[in-house]
2 protein chains.
Amino acid sequence: MRALVYDRILQLRKDYPDPQPAPGESIVQVVRAGICGTDLEITRGYMAFRGVPGHEFIGRVVQSDDRSLIGQRVAGEINAGCGRCALCAAGDARHCPDRTVIGILGRDGAFAEYLRLPNVNLIAMPEAITDEAAIFIEPLAAAYEILAQIRPSPDASMAILGDGRLGAMAALALQANGYRPVVLGHHPQKLERLERLGCVVAMAEECQGREDGRRRQDVVIDCTGRAAGFTDALGIVRPGGTIVLKSTAAADGALNLAPVVINEITIIGSRCGRFRAAIEALASGQIDPRPLLDGDYALEDGLAAFAAAKDPRNFKILLHP
Amino acid sequence: MRALVYDRILQLRKDYPDPQPAPGESIVQVVRAGICGTDLEITRGYMAFRGVPGHEFIGRVVQSDDRSLIGQRVAGEINAGCGRCALCAAGDARHCPDRTVIGILGRDGAFAEYLRLPNVNLIAMPEAITDEAAIFIEPLAAAYEILAQIRPSPDASMAILGDGRLGAMAALALQANGYRPVVLGHHPQKLERLERLGCVVAMAEECQGREDGRRRQDVVIDCTGRAAGFTDALGIVRPGGTIVLKSTAAADGALNLAPVVINEITIIGSRCGRFRAAIEALASGQIDPRPLLDGDYALEDGLAAFAAAKDPRNFKILLHP
């Protein structure tokens with residue numbers, strides 16, 4: 001099959017082996033896939049991944065040992081647990097130590113004609129959600145994970161660092177839950193687009209270089225995708241406040257955690273979320289992320305699609321096989 | 001007066017100016033002071049402090065504009081707030097952005113004949129608590145702060161990294177509250193002494209180099225005083241678990257926070273605590289830390305006292321002016 005394959009370089013292959021389903025797995029024909037910051041990090045060495053990246057997708061089941069799935073239009077939870085450990089038994093395959101993660105860890109992903117996933121990972125998609133909107137389920141679920149982890153008071157001051165894809169999802173999810181976070185970014189055009197979606201925005205520079213006494217955010221959510229985002233977050237969170245870390249950068253940063261101790265900051269690592277809340281928000285129209293679409297490329301133009309995804313003026317870039 | 005003074009080097013001075021009380025402050029004649037890991041960090045550059053270190057003390061009020069205080073035997077909360085900001089108004093001088101901290105930040109400390117502190121910081125000491133036990137109030141309060149921040153389930157698995165002064169305090173405080181943490185250290189003699197105090201102990205080496213799948217502590221408390229303690233904590237905390245950071249090391253460490261995000265770890269910075277719980281535990285005899293005393297030096301022998309405090313075989317070293 002045709003696939004975008006990363007193996008020290010990213011390239012289109014036309015002879016990549018078709019996925020072979022294990023028992024309990026289905027084959028999904030990919031209809032559309034989205035490029036995420038993690039995909040870009042993978043091409044910088046993140047997780048030492050080799051294979052087909054891509055974990056945001058909508059597709060149709062074409063082969064399955066569960067006949068009821070065949071023909072279904074589906075999205076998929078990205079973590080595939082071992083099914084045997086205590087975490088899997090408790091329903092938390094996301095943290096199974098032996099998990100694979102589609103397009104990220106030990107399992108080929110969605111930038112291809114076909115992918116395989118356990119049947120239990122597949123989630124039938126309501127017709128009310130278009131293919132384009134469905135691509136946002138996985139990153140929107142990652143944003144909703146924040147509210148599964150913390151429940152700030154309704155009047156909490158909140159800042160989102162980063163005006164990229166994940167920052168936009170976090171802003172939409174928090175707004176849909178009644179919060180009024182300010183999105184701090186470096187890209188006036190993207191901030192303007194977020195403002196048109198109802199977000200409160202500001203240039204990040206306006207909040208930096210302040211004295212300690214100006215630290216005043218109850219909650220800061222780092223969606224910068226850079227190791228330095230954590231340091232920026234430390235600069236604006238109030239003493240006793242909370243930083244939600246969403247960035248998984250490939251590079252190490254030189255950090256001194258003493259300010260975390262001195263100011264008694266709480267840091268919450270936050271990764272994937274469950275799809276249900278995101279699906280409901282999209283199906284009901286409470287959140288419509290489609291204004292964030294900036295391109296839809298054929299798989300053959302995958303390298304151009306990655307270049308567009310790296311362009312800091314763009315939000316979401318799609319691929320279709 | 002005589003004082004140990006740090007100004008790039010630590011030395012005894014016999015002509016150091018007597019402290020001059022501001023309105024609302026008292027002068028305390030120091031009876032005994034304890035050397036803490038933070039004092040050792042200060043001599044390595046922590047907080048760029050210059051002056052008299054020392055923040056664990058018991059003394060007697062010899063001068064005050066509150067006459068009821070004169071003659072009282074007191075310990076003292078170490079953070080002195082500005083008294084005007086929102087945090088001070090809410091009773092949280094510990095996080096006042098303009099605070100001074102005795103012996104740590106902008107205020108001379110207890111390794112001297114006399115010190116000054118706001119009257120509101122002084123806490124009368126019950127006679128049931130000896131001078132030697134009273135020295136442990138401040139570090140024990142810092143240990144109790146953990147339980148003011150998190151309330152693990154009674155059967156939570158807990159590890160304390162570090163068999164030093166603070167690790168010992170954390171172990172005693174958690175035990176007094178019904179938990180059974182394991183203290184992981186590198187010093188067999190100190191671990192044996194903690195075992196005689198009823199602690200569960202193990203050599204840290206036994207827990208390192210494990211596969212991800214072996215990560216299983218619900219809560220890990222880093223009391224190592226080293227930047228690397230955080231990385232060690234990450235290695236043994238379970239996915240979704242909590243790391244309490246107690247270490248304030250002067251040095252930066254090269255860190256990659258991606259595992260915090262991937263495993264959705266919560267990190268809680270934890271510094272000073274309120275004295276009340278610690279005073280009650282000492283006054284009732286629930287905790288008796290005096291077996292941790294390893295020396296009581298005259299102020300004139302302050303450099304030898306610091307050398308003893310740096311000796312990894314020792315717990316608590318005292319000074320008396």
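Residues are numbered from 1 along each chain as its sequence is written, while chains are lettered from A and ligands numbered from 1 in the order in which they are written. Because the model is predicted, local features need pLDDT of at least 70 and side-chain atom pairs count only at pLDDT 80 or more, whereas totals for chains, interfaces and linings use all residues; side-chain values use heavy atoms, with hydrogens and water left out.

**The interface**

Chain B brings 38 residues to the contact and chain A brings 38 residues, where contact means heavy atoms within 4.5 Å. The area buried between the two chains (accessible area, with a 1.4 Å probe, that two parts lose on being put together, summed over both) is about 2,900 Å², and carbon and sulfur atoms give 60% of that area. On the side of chain B, the residues that lose the most area to chain A are B:Val261, B:Ile262 and B:Glu264, which together account for 23% of what that side buries.

Between chain B and chain A there are 9 residue pairs in polar contact, both residues being at pLDDT 80 or more; a polar contact is a pair of N or O atoms within 3.5 Å, where within protein one must be able to donate a hydrogen and the other to accept it, and residues adjacent in sequence count only if both atoms are side-chain atoms. The count of salt bridges between these chains is 0, a salt bridge being a side-chain nitrogen of Lys or Arg within 4 Å of a carboxyl oxygen of Asp or Glu.

**Pairs of side chains**

Over all chains, the structure holds 40 salt bridges and 2 aromatic pairs, the latter being rings of Phe, Tyr and Trp (its six-membered ring) with centres within 6.5 Å, called stacked when the planes are under 30 degrees apart, edge-to-face when over 60 and tilted otherwise. One example of each kind is tabulated here.

| Pair | Kind | Distance |
|---|---|---|
| A:Phe111 and A:Phe306 | aromatic, edge-to-face, planes at 90° | ring centres 5.8 Å apart |
| A:Asp131 and A:Arg73 | salt bridge | closest N and O atoms 3.0 Å apart |
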